[in-house]
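Let's look at a protein model together, one question at a time. Have the sequence and the 3D view ready.

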Amino acid sequence: MKKMMVAGNWKMNMLRYQAKDLTQDILSGLVDVKDDIDIVLAPPFTALDVVSGLIGNSRVMLAAQNVFWEDRGAFTGEISPAMLVDAGCKWVIIGHSERRGILGETDTVVRKKIKASLSDGLNVIVCVGETLQEREVGKTIKIVQSQVESALMDLELDDPQRFVIAYEPVWAIGTGENATPKEAEDVHVTIREITGSIFAQDSELIRIIYGGSVNGDNIDELLHMENIDGALIGGAGLDADSFVKIVKIAGE
Ligand code: PGA
């Protein structure tokens with residue numbers, strides 16, 4: 001059975017003491033939430049150990065926000081998949097639009113990171129999505145299609161549940177303007193068709209989650225769509241009450 005996923009991407013926020021408070025508040029808010037939903041927290045690298053210590057063996061899983069594709073060596077400033085596993089991570093977010101747009105990450109780089117992570121035992125959330133300009137000229141499907149096809153190229157998945165695709169329209173991230181459930185669903189259907197053509201029935205277990213200005217007020221409608229299997233939360237995940245509210249609605 002495919003579980004819903006709610007993941008909080010803290011981006012470049014939270015000093016260690018703040019990460020500790022936020023994690024503790026989230027954990028206490030989650031006490032009575034049902035088990036059949038995957039909950040992931042992605043703090044910055046500097047707070048991974050704090051969050052890892054607090055979540056321990058609880059149901060909450062740790063994620064990093066980025067990774068490098070080599071195992072070790074002379075790559076100043078980079079962090080390998082094995083290091084993330086060592087730090088307690090089960091998941092890693094790859095190809096977020098802020099990394100593609102601000103840091104110049106290409107589809108090829110994204111693909112290398114996906115392969116290295118999966119083979120070293122990390123589960124992957126790969127982000128795709130079009131810019132406003134691309135949407136306005138009617139290129140949404142084309143852009144998302146090519147990002148997804150590139151991410152999946154030559155990929156062997158031992159377990160489809162270890163691979164999550166997050167559709168995050170760039171114009172909806174941090175803007176307060178989320179895609180309508182129908183707009184999101186249309187793109188999710190396209191992504192599902194691509195995964196289906198590559199992985200056949202197994203593709204049903206690949207979760208396709210939505211991200212971009214998700215909050216406690218719009219999550220319910222989004223999750224009513226057949227092909228939306230959860231959400232990647234930015235801003236609303238920095239507040240324990242709103243994150244817990246989203247998780248609770250997703251778990252209903
Ligand atoms: P947002 O960010 O919820 O603040 O729009 C989502 C994301 O970037 O993952």
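Q: Which residue does the side chain of Glu130 meet in a salt bridge?
A: This is a predicted model, where local features need pLDDT of at least 70, side-chain atom pairs count only at pLDDT 80 or more, and totals for chains, interfaces and linings use all residues. Residues are numbered from 1 along each chain as its sequence is written, and side-chain values use heavy atoms, with hydrogens and water left out. A salt bridge means a side-chain nitrogen of Lys or Arg within 4 Å of a carboxyl oxygen of Asp or Glu. At 2.8 Å from N to O, the partner of Glu130 is Arg135.

Q: Is Glu130 buried or exposed?
A: Buried means under 20% relative accessible area, exposed means over 50%, and partly exposed lies in between (1.4 Å probe, protein chains only). Glu130 has a relative accessible area of 0%, so it counts as buried.

Q: What is the relative accessible area of Lys113?
A: Lys113 forms a salt bridge with Glu105, at 2.7 Å from N to O. Glu105 is buried because its relative accessibility is 9%. Lys113 is buried too, and its value is 4%.

Q: How many residues apart are Lys3 and Asp38?
A: These two form a salt bridge whose closest N and O atoms are 3.6 Å apart. The pair links distant parts of the chain: Lys3 is in the segment before strand 1 (4-9), while Asp38 belongs to strand 2 (residues 37-42), and the separation is 35 residues. (Strands, E, are DSSP runs of at least two residues and helices, H or I, of at least four, numbered from the N terminus.)

Q: Which Asp is linked with Lys2 and Arg192 in a network of salt bridges?
A: A search of the whole structure finds 15 salt bridges. In the network, Lys2 and Arg192 are linked with Asp229.

Q: What radius of gyration does the chain have?
A: The chain has 10 helices and 8 strands, and 52% of its 252 residues count as buried. The radius of gyration is taken over C-alpha atoms, and the globule rule is 2.2 Å times the number of residues to the power 0.38. For 252 residues, a compact globule would have a value near 18 Å, which agrees with the chain's 17 Å.
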